[in-house]
Structure formats: C-alpha cells, structure tokens
Amino acid sequence: MGIYIPFIITVSYMVIAVILGYSAGRGKKMDTAEEWGVGSRSMGPVMMYLLIGAGGVSAYTFMGSPGWAFSKGVPALYVVIYLTYMGIIAWYFGPKVWELGKKYNHVTQSAAITDRYESKQLGALASIVTSIGILAYAILQTTGAAYILNVMSYGLIPTWAGVFLSLGVISIYLYRSGLKAIGVTNAFQGGLMLVVSWFVGLWATQQFTGGYSFRPVFERVQADIPEFLTLPGGLGDMNVQFWTTSILISVFSIWQTHWIQWMGASSKKSIKRAATLLPTFYIVLIPMIVVGFIGIFMYPNLGNPDTVAIQMAVDNMPVIVAGLLGAGTLAAAMSSSEPCVHATALSYSKDVLQPLLRWDDATAGKWTRRLIFPIMAFIIAPISIMEPASLVYILLIGYGFIGQAFPSIVGMFFWPRATKQGAFWGLFAGFLVTVAFSFIYPHPLGIHAGIWGLLLNMSVFVVVSLLTKPASRETIERFFPDMVDDLYEDHITSTQKEAK
C-alpha cells in the first residue's frame, strides 16, 4: 500500500483543483464571453501574478528543464532568459492591451486585430495561426500530465487514460467557471510549484553533495563534462544561432492566453504590479535545472531525459516527497493547459465561428465554453496519446507560429500606416515559411523557423502596407488619435501626386 502513497497525493491534487475551480464561478452567469472569457475584468495584482506566473511555468519546469539540463546542459537556461523578457513585454504591452480592450470591448487578441485593421478575415487567420502554437503547448502539458499519472500509479493508469483523465478534470471546472477557475486554481498551483521545486532541488542537492549549495554540482559538471556548460551543449545540437533565435522568437510571441489574462485584470496597475514581480516566480526553474545536472551522474543510461526528475524522486526520495513532486508536476501541466484550451475556445468562437456563421453575441457566448470539449477530444487528446517528441522542442515549434502575429500587433500600437492587406499577406507568408522550415527543411543555417517566417512576414507587411490604402479615418482616430491628421494629410498628398 505504501508504494501508492505518491499516487494518492498526486490524485488528491486533482480533487482539490476541481473543488477550487468549480466553486470560483459560483453565482455567476457564464454564458457570456465577458464573464466566462475575461472574468468580468476583476482580477487584482496578486491574482494576476499567480495567473500569469503559473500559466507560464509548465510541465517544462519539472520535466523539460531537468531533461534538457540532463541531455544538453546549459542550453536549458534559454527559458530563464526569455521568461525575463516576457515579464518586460507584459509590463509594457499589458496595460495598453487592457485599456484598448476595456474601451472597445475586445476580449481576444484576434478581436483587437479585427477592429484595428477592419478585417474579420485577418482576425480569423490570426486566430487560427496562433492557435497552432497554443494547442502545441496544450499538447505538451497534457503529455506531461499523462506521464505523471502513469509513473505515479506504477503503470496502472496507461498514458491514453491519463490524457483523458487530466483533460476531463480540467473540463469540469473550466466549463463551469472560465477564467475565474484558471485564476483560482493557478493561485493554488503556483504556490505548490514554488514549494515543491525548491524542496526537491535542495533535497537532491543535499543527497548528492552533502550540503545545500548548488556550487559543488556545477564544479563536478565542469570537471567531468565541461561541454555541458557551453554551447552547443552536451549533444552538440544547440548552436549559438538556434539558441539565440529561440529566445528571440519567444520574446516576439505575445500569446493569446496572456492577452486574455491581461483583459481579466481589474486595472492597468494590477498588470504592471504583477509583471514587475514575475521574475520572482520564475526562479522556480533553477532548482529543477540543478536536479537535471545531478541526474547526469545518477542515471547515465536513462532513456528519456524528460523523466529524470520523476525517476529520481520515485527511486530515492521519501514517498511523501515523491508524491508532492508528482502533484507539483501535475499542477504545472494543468495550470498551463487550462489557459490554452480556454483561449482557443474563446478565440475560435468569437473570431472564427461568429463572423462565419453570423452568430449574435448571445449565441457566441453560449458556444464559447462548449467548444472546449471538441478541442480537447479531437485535437489535444489524440495527438497527446501519440506521445510526440521532446517536450521542449514542441514548445519551441509552437513559438514560431505565435510570433507571426507580432507585426500586426506593431501596427496596432505603433504604425498607423499599416493596412489589412499588409497584415494579412504578411501573416500568411510568415505562416507558410514557418511550416516549411519547421517540418520540411528544419531551421536553415541553424536559425529558428519562426524567425525566418517573421522576417518575411514583416517585410511583406511593410511593403504591401505602403502600397495599399490605410484604414478609415474613424478607425485610425480611435487607435492613433495623435497621428490621424498627419497620416491623412500625407496620404492625400501622395494620392494627388499619383493622380498627376
């Protein structure tokens, strides 16, 4: 019976998550995009901090980051760098997004793009392209959750059953409470992850070195396998170009999930305060990366690097600690999967199906939360059951697609001359290049496929925009009140010259 204690602890977490998430929407009418989608824009700075922080720290923390440290070494630190930049992006763009959304009733990124460029087709394309990356992330998290349930149950729960169990649990409270459920469960999950990560990291370090300092671990790595402390890493497959461009495409990727979470804030100050504190949450990664380095010496013949932390816990740690790690990893996976399913359902309903099927707002609101079921059943679950490649590689591929919305966002906040034709064809071209360089001819010259896509995307965006007519004066006045006169004077003058 004792061997199943870690499993019982892990499953107990799922029960707590259901109770917390389901009760978060009590007394609220959830058949509207405003309530289910953005939680009535009512979340304060503490809730925003935990919502964004726990949503960004995923199964990667307990599986991917120690797995990369185990197999590659220092390249695993790329995520620490890009998460820091992500906090800066949230601090700068978050308040602007919130203000725009509150003023013009946007609930998604694609809705804002539709409004700015006066094009429902562009909004739908942006929704579909960015959802590829977001769904890839959800698949990554679901795969991690299923693996944890399989290991902690000693194989009693097969991977396919773990996939449906984790998605089923999420569907219960996500359908009932929407963004409020994500906020409440992420608050609990975030606290659990912080405690578990440091506890496990320090415990493993003490067992390996006899103390609690990480320094002896890195000294051992430097002495025995120094290639793990420099690029291109232990496997020699993470050169400077790919490592750097992976960080860059991650920085340029403003997620639909984050956009919606910013919309859920109670004020601009809530977002800025939360974003300022975000780096303090991301230190959760450091001890787990150290665990990966320790695993190099403890498990030299381990087949799947992503399992190193869990294997170490099951084999060496007290059953309570192993159970907490299982619960923490499951929490990390679920806290990141929830926003992806939520954001995709919300965007597909509002930005794709509503204009296509001519739904009114009431119909779209009802269908928004219903869409989580087909998204889970027909997209996330089947691909997760196939157990795709490295968790980190899935994440990196996903960023390539999410980053293709960046030029359209630039045109929303900084460049009034941007046009719907430029944004549409730039996004389409960037999407095609990202697909080709991700799956057919991967990452030419060692540069991330998403960067190649973004370079073409931005070029087409600028050139086509300069050759086509800008948005109406009324739209430009709403988005760029200080620039509208200059833009239309310049546009009228250039038109007159062309006529002559």
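1. A residue is called buried when its relative accessible area is under 20%, exposed when over 50% and partly exposed in between, using a 1.4 Å probe and protein chains only. The model is predicted, with local features needing pLDDT of at least 70, side-chain atom pairs counting only at pLDDT 80 or more, and totals for chains, interfaces and linings using all residues. Residues are numbered from 1 along each chain as its sequence is written, and side-chain values use heavy atoms, with hydrogens and water left out.

2. Serine 197 lies in helix α8 (residues 159-209), where helices are DSSP runs of H or I with at least four residues, numbered from the N terminus. Serine 197 counts as buried because its relative accessibility is 0%. Leaving aside residues up to four places away in sequence, serine 197 touches Phe62, Val284, Pro287 and Met288, a contact being heavy atoms within 4.5 Å.

3. Helix α20 (residues 420-440) has 21 residues and spans 29 Å from its first C-alpha to its last, close to the 30 Å expected at 1.5 Å a residue, the expected span being 1.5 Å times one less than the number of residues. Its buried residues include Gly422, Gly426, Gly430 and Ser438.

Conventions:
Helices (H or I, at least four residues) and strands (E, at least two) are DSSP runs, numbered from the N terminus.
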